[in-house]
Amino acid sequence: YDATLFIDRAIQRVGQVLLECTILVVLVIFLFLGSWRAAFVPAAVIPVCLVGAFLVLSVFGFSINLITLLALVLSIGLVVDDSIIVLENVQRRVDTLGEPPLVAAERGARQVFFAIVATSAVLVAVFAPLLFVGGYVGRLFNELAVTIAGVVLISAFCSLSLSPMMCSKLVKPVKSSTRLTRFVDGALGALRRSYRASLEMVLNAKRS
């Protein structure tokens, strides 16, 4: 019996899932933003946070194992949230207020600064209690909590530094909608109308 074969296959599978999650996140961002230039801003945060996570593991003396790799997979969806908030706010200021990208990036990041710090603090507070779990199981949860919390903090820092800088260079005013953006907007509009109609029907229904 050779356990290393199973461990090697499991780590390879986690690495594959890590790549798949990254690609799916980038595609979803592009689908809703409708621009590869805009999608590149939050997408660039992913490798920075993942590389920074290995520094966190090194500081705490953790190894690269299935638990820490699982934490990286789970945190991919979290690392782009703050960057997307900054990007959307900068794009809004450029389109609606007519501000230059550099000014919009500085003011937009400052406007959502507290929201990003607050949400990151909440996420860290969610995983912080896992550090106090004792025993062998606690050892596993400690690695999970430290990895995710470290990635979230790095993501917050990148969204307030790297993302505004990239927005100032890549964000452009949206002058015309593409076929993709019209399709996505139409689909979301139909979904919104159906949800509103079903919600009104439920709320207006009289109790028997």
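A residue is termed buried if its relative accessible area is under 20%, exposed if over 50%, and partly exposed in between (1.4 Å probe, protein chains only). By this criterion, 37% of the 208 residues of the protein count as buried. The model is predicted, so that local features need pLDDT of at least 70 and side-chain atom pairs count only at pLDDT 80 or more, while totals for chains, interfaces and linings use all residues. Residues are numbered from 1 along each chain as its sequence is written, and side-chain values use heavy atoms, with hydrogens and water left out.

The protein contains 8 helices and 0 strands, where helices (H or I, at least four residues) and strands (E, at least two) are DSSP runs numbered from the N terminus. The pattern along the sequence is accordingly α-α-α-α-α-α-α-α. The C-alpha trace spans about 60 × 60 × 30 Å along its principal axes. A contact is defined by heavy atoms within 4.5 Å; among contacts between residues at least 6 apart in sequence, 76% join residues at least 24 apart.

Helix H7 (residues 162-170) has Ser-163, Pro-164, Met-166, Cys-167 and Ser-168 as its buried residues. The cover over these residues includes helix H2 (36-60), helix H3 (66-96), helix H4 (101-111) and helix H6 (135-159). In helix H5 (residues 113-127) lies Ser-120, which is buried at a relative accessible area of 4%. Its side chain reaches the backbone oxygen of Ile-116 at 2.9 Å. Apart from neighbours within four places in sequence, Ser-120 is in contact with Asp-82, Val-152 and Ala-156.

A disulfide is a pair of cysteine sulfur atoms within 2.5 Å, and the count by this rule is 0. Cys-158 takes part in no disulfide, the nearest cysteine sulfur, that of Cys-49, being 4.5 Å away. Cys-158 is buried, with a relative accessible area of 5%. Cys-167 is likewise buried, at 0% relative accessibility; its sulfur is 13 Å from the closest cysteine sulfur, in Cys-158, and therefore too far for a bond.

Salt bridges, in which a side-chain nitrogen of Lys or Arg lies within 4 Å of a carboxyl oxygen of Asp or Glu, number 4. Arg-93, Glu-99 and Arg-107 are linked in a network of such bridges. Glu-99 is buried, with a relative accessible area of 12%, as is Arg-93 at 11%, whereas Arg-107 is partly exposed at 43%. A salt bridge also joins Arg-196 to Glu-200, with the closest N and O atoms 3.2 Å apart. These two residues are 4 residues apart in helix H8 (residues 179-204) and are therefore separated by about one helical turn. Arg-196 is exposed at 58% relative accessibility, and Glu-200 is partly exposed at 39%.

Accessible areas come from the Shrake-Rupley method with a 1.4 Å probe, only the protein chains shown counting as cover for residues. The accessible surface of the protein comes to about 12900 Å², of which 70% belongs to carbon and sulfur atoms. On this surface, Leu-19, Ile-23, Leu-24, Leu-27 and Trp-36 form a nonpolar patch with about 530 Å² of accessible area together. Patches are made of residues with over 30% relative accessible area and no salt bridge, like charges being joined within 9 Å and nonpolar side chains (Val, Leu, Ile, Met, Phe, Trp, Tyr) within 5 Å. Helix H1 (residues 3-33) supplies the largest share of the nonpolar patch, 4 residues. Leu-24 is found in helix H1 and is exposed, with a relative accessible area of 53%.

Note on methods: Polar contact = N/O pair within 3.5 Å; in protein donor to acceptor, adjacent residues only side chain to side chain.
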